[in-house]
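Work through the exercises below with the sequence and the structure at hand. Try each task before reading its solution.

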Amino acid sequence: GTAVDVRVEAGRVFLSPGEMSPFHKATLGIPIRINTADPEALTAVPGIGPGLAQRIVRERDRRGGFRTVEELMTVSGIGAGLYKRIRPHMAL
């Protein structure tokens, strides 16, 4: 999910590395990293709203990070059905 910005000024080309937005990642099927994503990034995943995103971050902080993606099922509001929907969009 890396992005490269290209800018041309006075015939010179400038390249700037950057990070692709979470919404572009989700659209392209690139998983969101649950141990580093902020709440806004988590809302790019279909099925995760602002409240659930905040609970995911709180649980991550409480644990000191997730060791497996499956640990998301300990977050209030993530049951087996939702987990199955969001799992393809998540990575460590």
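A residue is buried when its relative accessible area is under 20%, exposed when that area is over 50%, and partly exposed in between. The model used here is predicted.

**Exercise 1.** Decide whether Glu 71 is buried or exposed, and state where Glu 71 lies.

*Solution.* 
Step 1: Find the position. Glu 71 belongs to the loop that runs between helix H3 (50-63) and helix H4 (80-86).
Step 2: Apply the cut-off. The relative accessibility of Glu 71 is 15%, so Glu 71 counts as buried.
Step 3: List the neighbours. Leaving aside residues up to four places away in sequence, Glu 71 touches Arg 63, Gly 65 and Phe 66.

**Exercise 2.** Classify Val 8 as buried or exposed, and name the surface patch that includes Val 8.

*Solution.* 
Step 1: Locate Val 8 in strand E1.
Step 2: Apply the cut-off. Val 8 has 56% relative accessibility and therefore counts as exposed.
Step 3: Identify the patch. Val 8, together with Val 6, Val 13 and Leu 15, makes a nonpolar surface patch of about 410 Å².
Step 4: At least two of its residues come from strand E1 (2-9), and at least two from strand E2 (12-19).

**Exercise 3.** Describe the whole protein: which elements does it have, in what pattern, and what percentage of its residues is buried?

*Solution.* 
Step 1: Count the elements. There are 4 helices and 4 strands.
Step 2: Read along the sequence. The pattern is β-β-α-β-α-α-α-β.
Step 3: Of the 92 residues, 32% are buried.

Conventions
Residues numbered from 1 in each chain as written. Predicted model: local features only at pLDDT ≥ 70, side-chain atom pairs only at ≥ 80, totals over all residues. Heavy atoms only, no water. Buried < 20%, exposed > 50% of the residue type's maximum accessible area, 1.4 Å probe, protein only. Contact = heavy atoms within 4.5 Å. Patch = residues over 30% accessible without salt bridge, like charges linked within 9 Å, V, L, I, M, F, W, Y side chains within 5 Å. Areas by Shrake-Rupley, 256 points an atom, 1.4 Å probe, with all protein chains shown as cover. Salt bridge = Lys/Arg side-chain N within 4 Å of Asp/Glu carboxyl O.
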